[in-house]
Amino acid sequence: MPHQPDTIVEYPAGALSSRGTVLATLPLPEGLGVVLDRTAVHAVDAGWPDQPADRGLLAAHPIRDAIVGAIDGAADGGDILIGRDIPVRTGADGWSFVVVHVLDPDAAVQVGDDVEVTVDARYRRALSAGHTACHLASLALDAALAAAWTKEVPADALGAPGFDALACASSRIHEFGSTDVYRVGKSLRKRGFDAASLDQLDAVEDAANARLAEWVATGAGIRIDRDGDGLGDRRRWVCELPGGDAVIPCGGTHLTSLGELAAVRVELAREDVEGGIALTMTTTATPAAQA
Ligand SMILES: [Zn+2]
């Protein structure tokens, strides 16, 4: 496909349905891949697969999966690469990024069709709650560990030393929660992190949970700022906390306010691993009772 543009994505604005035109279909081991000009479906990113794909329907066919595809603008043919075949990060210059909806292999969908997409609203909301809680928990953990640093390191969105950014090994969003794994080893110690601060893990956990309770009680508004509507355009999670906006680069979906949550709590667990400590933070978001 010559000069395929990015898929226009409507989920950052909260859309749960969209209409689009089929631009390409591709047979995949998992089923039939379908690329539209625009979609409300959030796809999982191969390079940083934190938030799972939305569930839903495309032209009444169940969407089995949705994955980010990439097209090298400099290559002839414009093949759509997916998964580990993508050699660049989403948003890289010179590449186009598309949502590949994966349907049953025999789904009757053809290039040029005008199709409706609908997203499972309950599942989307559960993932959005999990993703919002994940960002908030990372900030609370950074704040709880602020005194553990003996050297200056890049600050997080609220000015605390950025433990999360420096130590995070993996982050997975699920319904109403997330699991983050951090590696505390030689390189983090060299940067000035005192691992003894993790000896009193209960105190760190309590401090993080106290901060989370404060933030949730503000009911602060949340919005997604974006540089454009293409899948590869940069987007940012902005939480309008009373002390100032917290801004974190993010391509996922989120709640629109902390008022949608009754509580966010974290549990920390440590494990000694070769060369250091693996710290696991399990975050749980409790939705506010709906009127
Ligand atoms: Zn995020």
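Me: Is alanine 59 buried, partly exposed or exposed?
Reply: In this predicted model, alanine 59 is found in the loop between strand E5 (56-58) and strand E6 (61-62). Its phi is positive, at about 50 degrees, although the residue is not a glycine. Buried means under 20% relative accessible area and exposed means over 50%. Because the relative accessible area of alanine 59 is 32%, the residue counts as partly exposed.

Me: Is alanine 60 buried or exposed?
Reply: Alanine 60 lies in the loop between E5 and E6. Its phi is near 70 degrees, a positive value in a residue other than glycine. The relative accessibility of alanine 60 is 64%, so the residue counts as exposed.

Me: In which helix do histidine 131 and histidine 135 lie?
Reply: Both histidines are buried. They are four residues apart, about one turn of the helix. The element that holds histidine 131 and histidine 135 spans residues 121-144 and is helix H1.

Me: Which residue joins arginine 122 through a polar contact of 3.1 Å between side chains?
Reply: Arginine 122 has its place in helix H1. Leaving aside neighbours within four places in sequence, arginine 122 is in contact with Arg55 and Glu175. The polar contact of 3.1 Å links the side chain of arginine 122 to that of glutamate 175.

Me: What distance separates the C-alpha atoms of arginine 122 and arginine 55?
Reply: Arg55 is among the contacts of arginine 122 once neighbours within four places in sequence are left aside. Along the chain, arginine 122 and arginine 55 are 67 residues apart. Their C-alpha atoms are separated by 9.7 Å.

Me: Which element gives the largest share of the lining of the largest pocket?
Reply: The largest pocket has a volume of about 1300 Å³. Of its 47 lining residues, the closest to the centre are Trp48, Arg89, Pro249, Cys250 and Gly251. Two or more lining residues come from each of H1, helix H2 (163-167), strand E11 (168-174) and strand E15 (244-249). The largest share, six residues, comes from H1.

Me: How many residues in the lining of the largest pocket are nonpolar?
Reply: For this division, Cys, Trp and Pro are among the residues that count as nonpolar, while Gly counts as polar. The lining has 14 polar and 10 charged residues. The number of nonpolar residues is 23.

Me: Is arginine 84 buried or exposed?
Reply: Arginine 84 is found in the loop between strand E8 (80-82) and strand E9 (95-103). Its C-alpha atom is separated by 7.8 Å from that of glycine 47, which is 37 residues away along the chain. Since the relative accessibility of arginine 84 is 87%, the residue counts as exposed.

Me: Is glutamate 10 buried or exposed?
Reply: Glutamate 10 lies in the loop between strand E1 (8-9) and strand E2 (17-28). Leaving aside neighbours within four places in sequence, its contacts are Ala15, Ser17, Ser18, Arg38, Thr39 and Ala40. Buried means under 20% relative accessible area. Because the value for glutamate 10 is 19%, the residue is buried.

How values were computed. Residues numbered from 1 in each chain as written. Predicted model: local features only at pLDDT ≥ 70, side-chain atom pairs only at ≥ 80, totals over all residues. Heavy atoms only, no water. Buried < 20%, exposed > 50% of the residue type's maximum accessible area, 1.4 Å probe, protein only. Contact = heavy atoms within 4.5 Å. Polar contact = N/O pair within 3.5 Å; in protein donor to acceptor, adjacent residues only side chain to side chain. 1 Å grid on protein atoms, 1.4 Å probe; cavity = no way out; pocket = protein on both sides within 12 Å on 5 of 7 lines; lining within 4 Å. Points joined across faces, edges and corners; volume = space filled by probe spheres on them.
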